[in-house]
Amino acid sequence: MSDQTATADIDSRLEGHRVELTGYCYRMLGSAFEAEDAVQDTLVRAWRNFEKFEGRSSLRSWLYRIATNVCLDMLNAGNKRARPVDLTGPTPLAQAALNPLPENTWLEPMPDGRILPSVDDPAEAAVARESVRLAFVAALQHLPSKQRAVLILREVLAWKASEVAELLETSVASVNSALQRARATLADHEGLTADTADPLDEEQRKLLDRYVAAFEGYDMAALTALLHEDAVMTMPPFDLWLQGHDDITGFMRTMGASCEGSRLVATAANGTPAFAHYKPNPDGPGFVPWAVQVIDVSEGSITGMHCFLDTPRWFPLFGLPDHLDADAA
């Protein structure tokens with residue numbers, strides 16, 4: 001085999017693990033861009049040290065060891081990402097104010113295609129989707145970094161305790177103890193479980209179709225009927241969050257009134273339905289990016305509208321156009 005062919009083979013073997021490694025690093029870090037940086041660093045380190053890989057473990061295990069060390073180093077900086085609901089209580093509509101916080105405060109959305117590898121087992125796919133939900137990744141942020149790694153490797157990726165112990169260079173007893181503590185912490189912090197059926201069942205599709213019609217028509221009565229009475233609306237980078245369909249629709253009628261006439265384009269993020277939200281272009285025809293909406297659905301109602309407003313970052317990540325024509329449906 002020529003050097004060029006060997007190099008291409010190594011590149012191909014490493015690249016084949018990119019999506020699952022990105023999902024792992026995203027769960028660890030809570031940031032789309034930090035996760036992609038961590039994976040790139042992992043693959044570069046692996047490529048440079050491939051001659052030292054002796055095959056005593058699988059290539060996949062070796063890559064996860066490198067990725068874990070990269071993430072642990074990044075987490076040593078101390079940053080813990082959060083959702084608005086993790087930082088304050090809900091704001092009554094009458095007191096609503098838009099106060100932005102720095103970008104590195106926030107848990108970030110992630111396109112499904114970058115973090116959910118294709119798997120044949122429906123149960124395995126369901127676990128993967130559940131484990132990238134915003135609520136679950138936010139709950140992970142409450143764990144010390146090594147507990148976070150243990151829980152993801154054991155509960156999400158179904159590694160054996162002995163495999164995790166080898167990766168972290170610790171004992172099986174230590175791994176089991178860390179997992180028990182992590183489970184207890186997660187039970188205190190994870191919220192309402194969202195429906196993550198893939199593909200969406202007929203009732204979920206109908207609910208989302210009604211949501212799109214209500215939002216694009218700016219029909220607040222119809223939207224109220226779709227929202228759970230305790231539904232939540234968040235808008236990073238602003239720390240404001242609203243709870244209850246009355247405050248959400250009240251906000252949309254007042255501070256959010258410029259969203260009337262918007263268009264929604266379906267996408268997928270964090271294992272749940274999502275939409276690219278385009279507002280009418282104030283400077284001409286068509287529509288311009290406004291937010292990526294990640295939607296939580298549970299038991300026939302919409303329980304969360306998480307609107308990520310930093311569109312120069314999110315729309316390219318999701319592969320979304322930066323303009324919609326005036327006749328866009």
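**Ground rules.** I worked with a predicted model, where local features need pLDDT of at least 70, side-chain atom pairs count only at pLDDT 80 or more, and totals for chains, interfaces and linings use all residues. Residues are numbered from 1 along each chain as its sequence is written, and side-chain values use heavy atoms, with hydrogens and water left out.

**Whole chain.** I found 15 helices and 6 strands (DSSP runs numbered from the N terminus: helices are H or I with at least four residues, strands E with at least two). The C-alpha trace spans about 65 × 45 × 40 Å along its principal axes.

I followed 6 strands through an open sheet of mixed pairing, in the order β2-β1-β6-β5-β4-β3 (two strands pair if DSSP finds at least two bridges between them). Because β2 (241-243) and β3 (263-269) stand at the edges with a single partner strand each, one side of each has no neighbour in the sheet. I also traced β1 (227-234) and β6 (301-308), which pair in the parallel sense over 4 bridges. Val-232 has Gly-304 in β6 as its bridge partner.

**Helices on the sheet.** I saw α12 (202-216) pack on the sheet, touching β3, β4, β5 and β6, with its direction at about 140° to that of β5. Contact here means heavy atoms within 4.5 Å. Helix α14 (245-253) lies across β1, β2 and β6 and runs at about 50° to β1. Axes are lines fitted to C-alpha atoms, for helices over the stretch in contact, and angles run from 0 to 180 degrees between N-to-C directions.

**The largest pocket.** Which residues lie nearest its centre? I noted Pro-117, Val-119, Glu-124, Ala-125 and Ala-128, from a lining of 20 residues. A pocket is an open set of points on a 1 Å grid over the protein atoms alone, with protein on both sides within 12 Å along at least five of seven lines; lining residues have an atom within 4 Å of a point. Helix α7 gives the most to this lining, with 6 residues.

Methods: On a 1 Å grid over the protein atoms alone, a cavity is a set of points where a 1.4 Å probe fits but cannot get out, and a pocket is an open set with protein on both sides within 12 Å along at least five of seven lines; lining residues have an atom within 4 Å of a point.
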